[in-house]
Amino acid sequence: MKTETTPKMTVLHAPVGVRSIVSSLVAFFIVASSVTFLLDRGQEAQVQMAVEHGRQEMQVKLEAGLQEPAMRGTTDAGDAGEECNWSRGRWVYDNMSRPLYSGLKCAFIFPEVACDKYGRKDVMYQHWRWQPHGCDLPRFDATKLLEKLRNKRLVFVGDSVNRNQWVSLVCMVEASIPDDRLKMRIFNGSLISFKALEYNATIDFYWSPLLVESNSDNPIIHRVEYRIIRADRIERHASVWRDADIIVFNSYLWWRKQKDDMRMKVMYGSFEDGDARLDEMEMIDGFEIALKKLTEWLGENIDKNKTRIFFAGSSPTHSW
């Protein structure tokens, strides 16, 4: 029997100054993942709920402690030293404390995922939450997160998967600030910003699906099957998130083949300098080039005592 797991996330740098935010962020990722994972299960959830809960209880007894955890941390409640394995658990139905925001009220939800606005009737998917084995995650506290983000900037960088994570977080935070005079929304091409003015806290999303500069950098108009990256160019993107206190990168789906013979082009040099060269290669090889350029730039330009960096890899596609 398979245990549901959350997407894996790798911590690249771990400075002391922002560690207190990690628990809130991980709790958020789990909440947001639950909405994504269960979006298409709303209609069948009511019928299967009793059966699933019975399976979950048996699963807890059979599988507790069988695997090493992928993500660990401490809970805020109870014993300060209690260690919690966030990545191993089960989905539980909770119509008392969920949902954490209204899809009809959040200004950041994009039309293609605005289920409530466009008339979806089955809303049971909004009531599921992640329950780790052997410990409890505290309820998401937007005010507490904003206090920890006071005078800081959190940036999500990547594709639409990270954008969905950003939307969920901002919607939960925005719901805690009813006064429009205390929050600001800024849409500027690839950069979308939410600012909580009372806290001087900023939560941004920056569209960069292939990490380095590419022909897919326009968030609206981009090629899905024909992709070109510039192997040595990342500065235009990096200048946007250079000063961030926390950066959450994601990249995976855009490197998958849309068809068996799909390949990509990698550009070296530039047409302006007259030394442009295009090499065709497998998607996975392009991914490796982009990751090397990203980590090289981070190593040379990021202050490890100021900025904490996360990287989210493989995840479900939108259709799943």
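Here are some questions and answers about the backbone, strands and disulfides of this predicted model.

The model is predicted, so local features need pLDDT of at least 70 and side-chain atom pairs count only at pLDDT 80 or more, while totals for chains, interfaces and linings use all residues. Residues are numbered from 1 along each chain as its sequence is written, and side-chain values use heavy atoms, with hydrogens and water left out.

Q: How many disulfides are there?
A: Let's start with the rule: a disulfide is a pair of cysteine sulfur atoms within 2.5 Å. Cys84 and Cys135 form one, with their sulfur atoms 2.2 Å apart. Cys106 is joined to Cys171 with an S to S distance of 2.0 Å. By this rule the count comes to two.

Q: Is the link of Cys84 and Cys135 right-handed or left-handed?
A: Cys84 sits in strand β3 (residues 83-85) and Cys135 in the loop between β5 and α3, 51 residues apart; helices (H or I, at least four residues) and strands (E, at least two) are DSSP runs, numbered from the N terminus. The angle about the S-S bond is 60°. That makes the link right-handed.

Q: Is Cys84 buried or exposed?
A: Buried means under 20% relative accessible area, exposed over 50%, and partly exposed in between (1.4 Å probe, protein chains only). Cys84 has 0% relative accessibility, so Cys84 counts as buried.

Q: Which residue in β13 is the bridge partner of Met267?
A: Two strands pair if DSSP finds at least two bridges between them. β12 and strand β13 (residues 277-281) pair in the antiparallel sense over five bridges. In β13, the partner of Met267 is Leu278.

Q: Which residue in β12 is the bridge partner of Arg230?
A: Strand β10 (residues 228-230) and strand β12 (residues 264-268) pair in the parallel sense over three bridges. In β12, the partner of Arg230 is Met267.

Q: Is Asn151 buried or exposed?
A: Asn151 lies in the loop between α3 (142-148) and β6 (153-158). Its phi is positive, about 60°, although Asn151 is not a glycine. With 54% relative accessibility, Asn151 counts as exposed.

Q: What is omega for the cis peptide bond of Arg98 and Pro99?
A: Pro99 is placed in the loop between β4 (89-93) and β5 (128-132). The cis bond joins Arg98 and Pro99, and omega is about 5°.
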